[in-house]
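Me: Here is a model I would like to go through term by term. Please set each label against its cut-off.

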Amino acid sequence: MIGTVLCYVLLPAARLLRALRDAFFTCRKNVLLAKSTSTQIEGIFAATRGNSVQEEQEALLQQWLEEGAGNLPASESAPAVGKVSATLTSDWLEGSELLMSSLSDLNSAPEVTWRAGQQLTELCALASSEPQDHAVTKLEKLPAEKTVAVVGSAPWAAVVPQTDHQMVGCAPIGVGGQHEDPAVLAWSLAGGAEMVPTEPPAWPVQDAVQFCPLLEEVPYHEILWRDWEDLSVQPCELEQASKNPPLFEFRVMSYNILAQDLVEQGHDLYIHCHPDILNWDYRLPNILQEIQHWDPDVLCLQEVQENHYWEQLEPTFKKMGFDCFYKRRTGRKTDGCAVCFKDSRFQLISVSPIEYFRPGLDVLNRDNVGLVLLLQPLLPEGLDLKAVSPLCVANTHVLFNPRRGDIKLAQMALLLAEIDKIAKTPEGSYYPVILCGDLNSVPDSPLYKFIRNGQLSYHGMPAWKVSGQEDFSQQLHSRKLVAPLWPCSLGVTDNCQYVTRCQPKKQGRRKYSRDFLLQFHFCDIACERPPQLVLLEGVTDAKPDRPAYWPKHAAVVNDPDLQPLIPRSSGVIQHGLNLTSVYSHYLPQRGRSEVTTMPMGLGATVDYIFYSAEPVENGSRGGRRLYRDGVLKLLGRLSLLSEDVLLMANGLPNPFCSSDHLCLLASFGLEVSSLREG
């Protein structure tokens, strides 16, 4: 305690607080930014590291050994000269406030009192005599402590010294021998054994009310390791593999990269993050490095800030061989969606931007957008007599608001109607479709089931239930969905198709033949008993049977000429694209759900890649339609992570993953068939 008292005597209180705050802030900043491979960060800290002298560091450590090491128990020998990173845990509290609030409590632990005084004395001397960054360099040589949590004070810890192989990807930049790129190590396709952090032995502290030992620091690339799952050949298909036609293989990535304007508008969502890792100059190199490493052929991005797209992203992507298309959100929003594709692999046939905002419609009064592209795969030379189907790629970012499921459904209906128009072949079938995006809906929610199963009965459904993001069942007077969900004036049917009205040759009343009108005699609505009708046995309890020769109601719905005559009050919407998800949304090896984002520390799946498949006849399991691969085949995917794994890395974003979403990556194959004669 003598060292503590001397510090209070020698330095004014304000100066002491400022010195300690600056020293600890710079210290943890160095630790965080040292994990980055950004050249800009390297330049900032190169000068600081150049000012430190190895002889001075060794002299400081030797002085500590002579003065106090002999008083420590045998189990607490002094650490060797190595890499010791000081860091603050928990809520990123300021270092000065943390130390000052816990000094009185630490006095109750005899093993801690001497070290606290020694370290405080060293900090005061360094803060008063040397630059702050230089003081931090010497601070890294102080002995490592394990966490001591005392009632009324926050935990402080210095990370246990790491060996060289443990520090890959997280050692300070410039350390000799650490030239390998940690991102490349983390994103390697080669699978590896799962790294599980080990607990160090508990540190016996007397009179401590509560004690929580800190896990050893594990490099981010080991915590956030993602395996590549090869799905190209299933065990039952080994014999048929040689008979299958050749495939045009390509990769698709979907990534919500977190617009910087949204970060600055929603600081409360990122209170767990150090401010430096939220800076765009820090995040951009990490995002670009991740995209460049996985090398997708088609790239679908959400939350792309407009000025960043035109000034930084598009020029960079063009150098990487991409053709890019961008659609900014309407209104005052500054971000939007982008779709990029390798011009060496695909040729553009058409592009259709979509704006979901419709003036005067409450169900479509938000500024979300989407993009739909039709691409022609380019076959390599030598396959001139071969043909491959065009590919439809769609990208969107659906409204977030969990209470407005009606808007989410209407936006998705518009997107599916545009896909139906772009992907439909002259014969009436569909080209293969890949739908990417942040849909702000969880797996097995009504919106998810609508996309995957092709049908949803929504009438009377609470609006909050559509996306499944939050439970508002206890809320009184919640909004309910009422049929029809959108007016006929929108020009979209309940089959999520555009209405094409044939204009009459002559202005005036449109005439219909008797046979045309008789098609409605036995439609489904006409065969339903009105609920208000009084039940009279033998009179009003009978229901007419549909004659076999009368057309089905579905055939009437699909006829665009009949759309204006069909009552849209059934409360059922459907589509015929036959889409299934790339991911299963569950990690069987861990027994946990997959996670694509982690708002406020709670993991959820809201990002998806859907693709065209063939439904299995009479195939259904638990209300889910079963599919099998058709012309478009799923060959592999990049595994996702679970919530507990992301918590070990302090959630999202973190110094390694610079968005609050994980990227999704899948490998596909399009069948290449011979051209038919004639």
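This is a predicted model: local features need pLDDT of at least 70, side-chain atom pairs count only at pLDDT 80 or more; totals for chains, interfaces and linings use all residues.

Me: Why is helix 11 called roughly parallel to helix 12?

Reply: Helix 11 (residues 280–294) and helix 12 (residues 306–319) pack at an angle of about 30°, with axes 12 Å apart. Roughly parallel means under 35 degrees (over 145 is roughly antiparallel, 65 to 115 roughly perpendicular, the rest oblique). The angle of about 30° therefore makes helix 11 roughly parallel to helix 12. Axes are lines fitted to C-alpha atoms, for helices over the stretch in contact, and angles run from 0 to 180 degrees between N-to-C directions. Helices are DSSP runs of H or I with at least four residues, strands are E runs of at least two, and both are numbered from the N terminus.

Me: Which residues make the contact of helix 11 with helix 12?

Reply: Helix 11 brings Trp280, Leu284, Leu288 and Ile291, and helix 12 brings His308, Gln312, Leu313, Thr316 and Phe317. Contact means heavy atoms within 4.5 Å. By class, this contact has six nonpolar, three polar and no charged residues.

Me: What makes helix 13 roughly parallel to helix 14?

Reply: Helix 13 (residues 405–423) and helix 14 (residues 446–453) pack at about 20°, with axes 11 Å apart. By the cut-off already given, that makes helix 13 roughly parallel to helix 14. Lys408, Leu409, Met412 and Leu416 of helix 13 meet Leu447, Phe450 and Ile451 of helix 14.

Me: How do you know that arginine 345 and aspartate 297 meet in a salt bridge?

Reply: A salt bridge is a side-chain nitrogen of Lys or Arg within 4 Å of a carboxyl oxygen of Asp or Glu. For arginine 345 and aspartate 297 the N to O value is 3.3 Å, so the pair meets that definition. The pair links distant parts of the chain, 48 residues apart. The structure holds 16 salt bridges.

Me: Why does aspartate 297 count as buried, and what does arginine 345 count as?

Reply: Buried means under 20% relative accessible area, exposed over 50%, and partly exposed in between (1.4 Å probe, protein chains only). Aspartate 297 has 9%, so it counts as buried. Arginine 345 has 21%, so it counts as partly exposed.

Me: What separates glutamate 314 and lysine 318 in helix 12?

Reply: They are four residues apart in helix 12, which means about one helical turn. Glutamate 314 is buried, with a relative accessible area of 12%.

Me: Why are arginine 628 and glutamate 614 called partly exposed?

Reply: Arginine 628 has a relative accessible area of 45%. Glutamate 614 has 37%. Their side chains meet in a salt bridge at 3.7 Å, N to O.

Me: Is proline 377 buried or exposed?

Reply: Proline 377 has 4% relative accessibility, so it counts as buried. Its place is in strand 9 (residues 369–377). Among the residues that proline 377 touches are Phe248, Arg345 and Leu670. The C-alpha atoms of proline 377 and phenylalanine 248 are separated by 7.8 Å, though the two lie 129 residues apart along the chain.

How values were computed. Residues are numbered from 1 along each chain as its sequence is written. Side-chain values use heavy atoms; hydrogens and water are left out. Ala, Val, Leu, Ile, Met, Phe, Trp, Tyr, Cys and Pro count as nonpolar, Asp, Glu, Lys and Arg as charged, and the others, Gly among them, as polar. Lists of a residue's contacts leave out its neighbours within four places in sequence.
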